[in-house]
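Student: I would like to learn how to read this model one feature at a time. Can we begin with exposure?

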Amino acid sequence: MLLFCPTCGNLLLVEESANCLRFSCGTCPYISNISRVVKSRNYPKLKEVDAVMGGSAAWENVDSTDAVCPACNHGRAYFMQMQTRSADEPMTTFYKCCNALCAHNWRD
Ligand SMILES: [Zn+2]
Ligand SMILES: [Zn+2]
């Protein structure tokens, strides 16, 4: 990207200051800040809970408990607890019906 100084017409230099890049002119005091080009870090989003519940791998090696399935009234369900909101809120318990023909998912 070539830019020319609007004041004197000379080629602007790109220099890096403490927290941003800026164009500066070598022959006059013209300086133009460039908006930050440093990309903000992308933090992985919490997996969508429903996607977690739908993925069968998530339910491997989990314990089962006495819970009545709301879909088929089966008396056992796999369960796992997950922090879905902020850390100071209680864990959410997810269930998956032990009846393989049903495999209904629900949450507390
Ligand atoms: Zn200039
Ligand atoms: Zn069920």
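Tutor: Take Gly9, which is exposed because it has 10 other C-beta atoms within 10 Å. The cut-offs are these: a residue is buried if 20 or more other C-beta atoms lie within 10 Å of its own, exposed if 12 or fewer, and partly exposed in between, with C-beta atoms placed from the backbone. Gly9 lies in the segment before strand S1 (12-16). Its C-alpha atom is separated by 9.5 Å from that of Thr27, which is 18 residues away along the chain.

Student: What should I know about the model and its numbering?

Tutor: This is a predicted model, in which local features need pLDDT of at least 70 and side-chain atom pairs count only at pLDDT 80 or more, while totals for chains, interfaces and linings use all residues. Residues are numbered from 1 along each chain as its sequence is written, and chains are lettered from A and ligands numbered from 1 in the order in which they are written.

Student: How many helices and strands does the protein chain have, and in what order do the elements run?

Tutor: Helices (H or I, at least four residues) and strands (E, at least two) are DSSP runs, numbered from the N terminus. The protein chain has 1 helix and 7 strands. Read from the N terminus, the order is β-β-β-α-β-β-β-β.

Student: How do I read a sheet?

Tutor: Strands of a sheet pair through backbone hydrogen bonds, either parallel or antiparallel. Here two strands pair if DSSP finds at least two bridges between them. One open sheet has 3 strands in the order S1-S2-S3, with antiparallel pairing. S1 and strand S3 (31-34) stand at the edges, each with a single partner strand, so one side of each has no neighbour in the sheet. Neighbouring strands of this sheet are turned by 30 degrees against each other on average, direction ignored. For such angles, axes are lines fitted to C-alpha atoms, for helices over the stretch in contact, and angles run from 0 to 180 degrees between N-to-C directions. Strand S2 (residues 21-25) is joined to S3 by 4 bridges, and Arg22 stands opposite Asn33 in S3.

Student: What is the order of the strands in the open sheet of 4 strands?

Tutor: The order is S4-S5-S6-S7, and the pairing is antiparallel. S4 and strand S7 (105-107) are at the edges with a single partner strand each, so one side of each is left without a neighbour in the sheet. Neighbouring strands here are turned by 40 degrees against each other on average, direction ignored.

Student: Which residues stand opposite each other in that sheet?

Tutor: Go pair by pair. Strand S4 (residues 64-66) and strand S5 (residues 76-82) pair over 3 bridges, with Thr65 and Ala77 as bridge partners. S5 and strand S6 (residues 92-97) are joined by 6 bridges. Between them, Phe79 stands opposite Tyr95, Met80 opposite Phe94, and Met82 has Thr92 as its bridge partner. S6 and S7 are joined by 3 bridges, and Lys96 has Asn105 in S7 as its bridge partner.

Student: Which residues make up the largest nonpolar core?

Tutor: In soluble globular proteins, nonpolar side chains tend to be buried together. A nonpolar core is a set of buried Ala, Val, Leu, Ile, Met, Phe, Trp, Tyr and Cys residues joined through C-beta atoms within 7 Å. The largest one has 6 residues: Cys69, Ala77, Tyr78, Phe94, Tyr95 and Cys97. S5 and S6 are the elements that give two or more residues to this core, and S6 gives the most, with 3 residues. Of the 108 residues of the protein chain, 7% count as buried.

Student: What does Tyr95 touch?

Tutor: Two residues are in contact if their C-beta atoms, placed from the backbone, lie within 7 Å. Not counting residues up to four places away in sequence, Tyr95 touches Ala67, Ala77, Tyr78, Phe79 and Trp106.
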